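Trainee: Could you take a close look at one part of this model with me? I'd like to follow a single side chain and its surroundings, and then see what else is worth a glance.

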Amino acid sequence: MKDTQKAGVFSIGLVRGLIAMLIGFLTGAAFVSLIRLILGLSVWTWNPSGNQFGFAESAWVVGAIFGAIAFMLGVGVLSDWLKWMNGQQTAEHPADAFASGWKRYLSVSFDHKAIGVQYGVTSIVVIGLAGIFALIFRTELAQPGMQLLTLERYNTIMSLHGIVMIVGILLGVGAMSNYLVPLMIGANDMAFPRLNAFAYWINVPAAVILLSSYFLGGFDTGWTGYPPLSAKAPLGMDMFFLGVYFAGLSSILGSLNVIATTIRLRAKGMHYFRMPIFVWTALATAVIGLTATQLIGLSFQMVLFERVFGMGFFAPDKGGNPILFQHLFWFYSHPAVYVFVLTGLGVISELLPVFARKPLFGYRWVALSSFGIALVGFLVWAHHMFTSGMSPYLRIPFMYSTLLVAVPTGVKFFSWVATIWEGKLSFETPMLFVLGAISIFLLGGLSGPPNATVATDLHLQDTYWIVGHFHATMFGGFVFPFFAAIYYWFPKITGRMYNEKLGKLHFFLMLPGFYIQSLSQMQAGLLGMRRRIGDYDPALGINLQQLLITIAAFVIFFSVVIAVVNLIYSARRGPIAASNPWRSRSPEFMLPSPIPQHNYEHAFEVVGEPYDYGIAGAYVSIDPDRYIAKEEEQPAAGGAVTSPTGATTD
Amino acid sequence: MSTGTLSIADYHKKTVTNRLGLWLFIVSDAFVFAGLFIARFYLYGAGVRPELSQIVGLIVTSILVLSSFFANRGEVSMAYGDTKGYFRNTLITIILGIAFLIGVVGVEWQIAPYGPDHDALWSLFYTMTGFHAFHVLTGVIFLVIVYRNARKGLYTAERHFPVEAAAVYWHFVDVVWVFFYPALYLIGLPPI
């Protein structure tokens, strides 16, 4: 890490990590095989069609775990902790192995901005991969009958689309909270920079392990992994469980960091109700991520134990109960959808006042509504289980708690509409995505109550209607806000401006693409299409809808390709951006673009409200005495900071 | 940790952040044990428990509760600058922790009438004690690392957050057992 002179491919942390991962995997697998050899069990059988992939199942599992640990050692993210264990001291902020250039992002960096970019790029790559999975099985579904895939392959690819997309979304959420939270509260880094880097890098072995499931027989359970099917699925199921487990670990540690950062590192005067609204949503998200994520880890571990040790938690013949898995699983996985959407809703609330040039309507209510959604989210999990066979009397309280989610969400919608009301709107790309997100999330929200009320859900459960509803909430709550955030903060991250025309083209392809897709999914579901099935009866009369969904999927994918091309090209060749192109009051826009390594040279003090657009007075102020004194010492650094009052009032 | 160069005021500021991080970790970890605890009662209610040795249960529980006492004495000794007292008490804690591990994994698991694949009740027993034993093991490792660094003279009465962290983690693991012991050994009767 410290040797910046060291050149060659092994100086790149990612390369070292992946090699170490391979060695670690082989070590772990060999270790278990040795034990099996001593116990007189079989060590090596090769018969892929019979679910035998060389090593025994336990050897694969231990090998994958060893591989993940070895990756973390190889990439170098553990080196400071190992030194501390030995009683050595390390620098508080060590220099990066590569201070600049793209190689910087392939090695360990403790800078929250670099980690945020790492999260963001990985997120787009992973989401793109999941999108390709979607295109493959959508092509299969364009017509009735099986043309392209076998049913087994269909199941694996459909399941991988779900879980890889979820990992990608978690990475995107990590990108936004890592990059933005310290900047917005006036901190120079996260509370625990090493933990932050660890939380990012564990995602790489997680993704490798998760994707390896495709080559190890796949898995046919969907992303939910319900036993008893998952207890009998091929070897790929183990890799699915382990991959999700490590991704969940990242989520837990990242959340811990966000909470500690928000509580401890706020600038002077930034009490909780003066924080930018995004920080509130990141905090509420982190509370869910810190606690609930453990339950999906536990439930997956229990199935893993069932597979490897023959345990019987969910096996009725051994006194177990598969419903228990669903309770444990949904206790995380329902709040998890609020993890996916809350930061996105925070981006909407954050950007609307900037582009409407008006204060955010009902700041305190919006801030608390995030916590309202998060807390109610813990009480609704069994609405996924109305048809599972759990005690029928449990349905009613869960129906009411689910409908209660509409109240804090309604607060947000009310605030958005009231913020737009009589605002001086301008329609740059980020604003378009924000408005698109609001309209889509409305569709997702309104299609929710039919699933929450027991009487209708008994018919809608496991149909394509649910698929349509879920995709509407994800597009409105994550995809559109995520792209809004990327376009909005792109000049801050790279110092260059994206291409506005291509950005708008992206939006105007993606929005109708989404609507055709989601509405067709809902209609197909109401007409009787079951979810997660590779084939359907042409007599259902949904051939047209299926074809439209497939075409829309390709349009959406194409629009994302345009966005990626735009972002890559603009990051290298785009016009130099102004330090505050959106005339935002948020503190990160007082910094030059790209943001210097340690964020705020001078600590700022919060002296006003964050969203008082159109009203005189600043949000944050840099102490003028210290500011001038510093500027004399370092004219280069000081001169780039724009005057807070001049730049941030309307 | 990497705080030797910080001023005492900065060290205290950082310690408050570190302490918050430690407690957030414990809150998060508690959800794992809560999930197992709930699973045990969800599947078997309060009427059934595995058939275990009451003597072994009583001994290992006493050992673990006693070890928390010594962990606390060790931490308090360090806070008052009594490094000798810290070494003595922490060593006793480590030995008791290892004794607990031997009692659970080395004795109880070996004399148990069934293996983990017998039925869900025994799956729960091995998973609950196994998760807990893993935490005891990490706690022992944590204590040993901090003990070793204390031998190198890294901690003083003013600067000893790692000592505190190891002790708090140890108490947490102990409290988990306070819930698990009755859930596994006391509540209900063995199935006939």
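Mentor: Let's start with His469(A), which counts as buried because its relative accessible area is 17%, buried being under 20%, exposed over 50% and partly exposed in between, with a 1.4 Å probe and protein chains only. Before going on, some ground rules: this is a predicted model, where local features need pLDDT of at least 70, side-chain atom pairs count only at pLDDT 80 or more, and totals for chains, interfaces and linings use all residues. Residues are numbered from 1 along each chain as its sequence is written, chains are lettered from A and ligands numbered from 1 in the order in which they are written, and side-chain values use heavy atoms, with hydrogens and water left out.

Back to our histidine. His469(A) sits in helix 19 of chain A, residues 464-494; helices here are DSSP runs of H or I with at least four residues, strands are E runs of at least two, and both are numbered from the N terminus. The side chain of His469(A) has a polar contact at 2.9 Å with the side chain of Ser447(A). That term stands for a pair of N or O atoms within 3.5 Å; within protein, one must be able to donate a hydrogen and the other to accept it, and residues adjacent in sequence count only if both atoms are side-chain atoms. A polar atom of the His469(A) side chain also lies 3.0 Å from the backbone oxygen of Gly444(A). Leaving aside residues up to four places away in sequence, His469(A) touches Gly444(A), Ser447(A), Gly448(A), Asn451(A) and Met522(A), a contact being heavy atoms within 4.5 Å.

Now for the rings. Over all chains, the structure holds 75 aromatic pairs: rings of Phe, Tyr and Trp (its six-membered ring) with centres within 6.5 Å, called stacked with planes under 30 degrees apart, edge-to-face over 60 and tilted for the rest. One of them joins Phe55(A) and Trp60(A), edge-to-face at 6.3 Å centre to centre with 75° between the planes; both residues are buried. In chain B, Phe69(B) and Phe70(B) are edge-to-face too, because their planes stand at 80°, with the centres 5.2 Å apart. Phe70(B) is buried at 19% relative accessibility, whereas Phe69(B) is partly exposed at 47%. Chain A also has an aromatic cluster whose members include Phe433(A), Phe475(A), Tyr487(A) and Tyr515(A).

As for chain B overall, the chain has 5 helices and 0 strands, and 52% of its 192 residues are buried.
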